[in-house]
Amino acid sequence: MPIDIPKFFRSVRYASKGLRVMVYSENNARIHFLATAVVIFLGFYLNITKRDWVNLVLCIVLVWITEAINTAIEKIVDMVSPEYRKIAGEIKDLAAGAVLVAALFALFVGVMTFKEYLPWKEWMTDLGIPLPAEEEEIF
Ligand SMILES: Nc1ncnc2c1ncn2[C@@H]1O[C@H](COP(=O)(O)OP(=O)(O)OP(=O)(O)O)[C@@H](O)[C@H]1O
């Protein structure tokens with residue numbers, strides 16, 4: 001069976017339309033957009049390593065995928081159950097929970113990554129916050 005190239009490009013266009021609709025209609029997607037822009041800016045500004053780029057891009061992709069699926073689930077629920085139903089609310093909350101897990105994981109990876117590039121010890125000293133005791137490397 002031959003591959004329909006124009007059909008493939010049409011699908012890419014529809015998929016990018018979906019992402020545009022998501023960014024325009026979902027407040028959380030706009031927050032992800034801002035966070036993505038900040039992470040990419042910081043990545044270039046701090047000249048992070050390739051390995052750190054891979055970790056951060058993985059997190060960005062994970063959050064965007066979960067947000068897109070969450071938005072699709074929200075819209076399906078609104079379509080099939082516009083009236084109040086306990087199960088409809090639970091479905092939406094579960095899908096939102098997936099985004100929260102991905103976003104918290106991304107935040108964790110972001111903090112662990114950028115803390116290596118930022119003079120946080122100097123900042124803590126300037127603010128008069130005592131530094132944690134130096135730990136011996138075990139591994
Ligand atoms: N049809 C429904 N039946 C029961 N509970 C619902 C229903 N729709 C939404 N809810 C509850 O309200 C919460 C918020 O829903 P939703 O995300 O649709 O609201 P919203 O934030 O106002 O929507 P939007 O993102 O479109 O602005 C859901 O997580 C769920 O707990």
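This passage describes the fold, overall dimensions and annotated positions of a predicted protein model. In this predicted model, local features require pLDDT of at least 70 and side-chain atom pairs count only at pLDDT 80 or more, whereas totals for chains, interfaces and linings use all residues. Residues are numbered from 1 along each chain as its sequence is written.

The protein contains 5 helices and 0 strands, and its elements follow the order α-α-α-α-α from the N terminus. Helices (H or I, at least four residues) and strands (E, at least two) are DSSP runs, numbered from the N terminus. The C-alpha trace spans about 60 × 45 × 30 Å along its principal axes.

Of the 139 residues, 11% are buried. A residue is buried if 20 or more other C-beta atoms lie within 10 Å of its own, exposed if 12 or fewer, and partly exposed in between, with C-beta atoms placed from the backbone. Among contacts (C-beta atoms, placed from the backbone, within 7 Å) with a separation of 6 or more, 69% join residues 24 or more positions apart.

The unreviewed UniProt entry annotates Tyr14, Glu26, Glu74, Lys92 and Asp93 as "binding site". These residues are spread over 80 residues of sequence and also in space, with up to 26.8 Å between C-alpha atoms. UniProt positions follow the numbering used here, feature names are shortened, and annotations may be inferred rather than shown by experiment. Tyr14 is located in helix H1 (residues 5-25) and is exposed, because 9 other C-beta atoms lie within 10 Å. Asp93 is located in helix H4 (residues 86-114) and is exposed, with 10 other C-beta atoms within 10 Å.

Methods
Two residues are in contact if their C-beta atoms, placed from the backbone, lie within 7 Å.
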